[in-house]
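Visitor: I'm new to reading protein structures. Could you walk me through this one?

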Amino acid sequence: MKKRLFKISALVLILSLIFSFGVFAEGTKQYVYDPVYLLTDSEYAELNTQAAEISEKYGCAVHFVITDDPSVNYDNIQVYSEDMYLESPALGYGDGKDGVMLVLGTYDRCYWLLAYGDKGNYAFTDYGKDWMSKHFVDKFGNDDWYGGFKVFIEDCDYILGEAEKGKPVDIYYEETDVGVEGYGIALVAGIIIAFIVCGIFKSQMKTANIATNAKSYFNRSAVEITNRYNRLLHTTVTRTEISDDDNDGSSSRGGTTVNSRGFSGKGGRF
Amino acid sequence: MATQVTNYQCPACTGPLHFVGESGLLECDYCQSRYAVEEIDKEYAAKNKKAEENFEKEQQKKDKEQSWWDMSGLNSHWGEDGAKMKAYSCPSCAAEIICDDTTAATSCPYCGNPSIVPGQFGGVLKPDYVLPFKLSHEDAKKALKDYYKGKKFLPKEFTAKNKISELKGVYVPFWLFSCKADVDVEFDATSVTTHREGNYNVTTTAHYDVRRSGTVPFENIPVDASKNMPDAHMDAVEPFDYSQLKPFSMSYLPGYLAERYGQSAEESVERAETRAINTAVEQMYEDASISFSGCSVRNKNVKLERGKVHYALLPVYMLTTKYNNQNYIFAMNGQTGKFVGNLPVSKSKYWTYFLGIAASVTAVLGTAIMLFL
């Protein structure tokens, strides 16, 4: 029953996409789908225009779709998104349907970010998708829908631009960041170590100091401990989630992982 | 004027005797004869007694005169210093030796003979112990040179132009305090354990109320009783090996300077007690902190069971050097050779080292991060 509902829901959205494609066919092609009306008219118009410009500029469609369908959840949003992308002629650019699409399920507060086609999968590497999602997840988490989509479109512009230069955003970007940050960390560490070492050298210049203890004037074996008392008062427990970087390392190899249907993707919750 | 000063003279040739730390004997500069301390003690027991009596008489006479006559105008040109000075007649050359009122052993500036003022250590002023010098003046000079070695920030000119302007071996008066500390300390302590549960790191912090009580006995905590010696230098040359303490004898003094105490035991007690209290609390902390990840003192209560106070003369070499019109004072433990003092810091050397280290660490660490991360 659930599966059936899910298929019907996907079909309804596909039909609405086809319909809306027709409606917008004469003007700007529709790249943004917001049947839930999370965006105001002006926000919607602005984002759609930006998405259209970027898509045309790079020959790779930039879409985002919002759905409040209760049957769409964290477990099935990937299949839902891929089905929709393949079945809707309004999605993707050109014959190869090159594109990137962010699908937001507001009911289960989950998302799926997919890329398709040679251009899409080349530009949107696994690392690139991770990098993008870090930016928009925080905004969606705070229900800043406009902010989240805005940053998504801007990131798409940057990623496609880098790919066009022949250097898609990938793991080596992190290495570059680590390099710059690494030298920053090394500089701070260098200054701290220099302070410590010079402090030790300087302390050797001043050895005449007032004594504050009498350690040389008692016999350790003569010390008598008459009372040892340890009482547990309370305990505190803190749980820290192990980050994806520590845990899987999926994006540490670089490149793009493409599934048998030709998609690469990344999902999560917000 | 009856003499209050004694010159220790060689029984063989009447040349001046001085105590030599390395041999532990009194040696004659002229005929190289050597005498045990006890031997000379016997020889000079009567003379010293006589000198002590003369010192006492002179003191009483002075007190009496001062109670009858107002003599303040006579030495007003000396100012306050005048009241702190004493004049003695050298038994060898009859020259007048003027020194500090606490000076107990010195040398005549005219004939150079070691001179002892037995009265300074007479009666209640007599020290319980003396720790004889083990090291020589030459050892002290060598120690100063060694002390400069490895000092990265020492200005080059300091070692090049630096000359010892004064080197003296001094028997410094010390009070030795013995006591027992009864200590109760309360701590806030924590014990932290971490384990992994699925996708989470779980950190459990246990908070404890910890208490430790005990007793810590202290023996002979030294506090210098000299008003002339810098406290920091005297503290820093510690510790002394008390196993070599000898019952006090004047015979250890010839060849060195010596002072009687200028600060009473009552005035010095606070420094000893502070040191005992700090160490007693530290002992409880050491015992408590072994079992915990973190431990901080919440409350402490230390009661001191005050014990015996001894008065001892301990051997210290004092060295003074001059650099850029400033005096630099160093001290060396005359028994163990421990050398202390404050040296000038070259700002240019400091910053050269600082930048060199910072740049090297940055380069090495930065490259390592680039290569391995």
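Guide: Let's begin with a term: helices (H or I, at least four residues) and strands (E, at least two) are DSSP runs, numbered from the N terminus. This is a predicted model, where local features need pLDDT of at least 70, side-chain atom pairs count only at pLDDT 80 or more, and totals for chains, interfaces and linings use all residues. Residues are numbered from 1 along each chain as its sequence is written, while chains are lettered from A and ligands numbered from 1 in the order in which they are written.

Visitor: In what order do the elements of chain A run?
Guide: Chain A has eight helices and six strands. Starting at the N terminus, its elements go α-β-α-β-α-β-β-α-α-α-α-β-α-β.

Visitor: What is the mean pLDDT of chain B?
Guide: pLDDT is the predictor's confidence in each residue, from 0 to 100. In chain B, residues 73-78 stay under 50, but 84% of the residues reach 70 or more. The mean pLDDT of chain B is 83.

Visitor: At what angle do α2 and α6 of chain A pack?
Guide: Two packed helices are described by the angle between their axes and the distance between the axes. Axes are lines fitted to C-alpha atoms, for helices over the stretch in contact, and angles run from 0 to 180 degrees between N-to-C directions. For α2 (residues 41-58) and α6 (residues 145-164) of chain A, the axes are 10 Å apart and the angle is about 10 degrees.

Visitor: Why is α2(A) called roughly parallel to α6(A)?
Guide: Angles under 35 degrees count as roughly parallel, over 145 as roughly antiparallel, 65 to 115 as roughly perpendicular and the rest as oblique. These two helices pack at about 10 degrees, so α2(A) is roughly parallel to α6(A).

Visitor: Is E43(A) buried, partly exposed or exposed?
Guide: E43(A) lies in helix α2 of chain A, and its C-alpha atom is 6.8 Å from that of Y146(A), 103 residues away along the chain. A residue is buried if 20 or more other C-beta atoms lie within 10 Å of its own, exposed if 12 or fewer, and partly exposed in between, with C-beta atoms placed from the backbone. E43(A) has 17 other C-beta atoms within 10 Å, so this residue is partly exposed.

Visitor: Which element gives the most to the side of chain A that touches chain B?
Guide: Two residues are in contact if their C-beta atoms, placed from the backbone, lie within 7 Å. On that basis, 53 residues of chain A are in contact with 60 residues of chain B. The elements giving two or more residues to chain A's side are α7 (171-203) and β5 (224-241). With 18 residues, the one that gives the most is β5(A).

Visitor: Over how many bridges do β5(A) and β10(B) pair?
Guide: Two strands pair if DSSP finds at least two bridges between them. β10 of chain B covers residues 200-224, and its A206(B) stands opposite T235(A). The pairing of β5(A) with β10(B) is antiparallel, and the number of bridges is 16.
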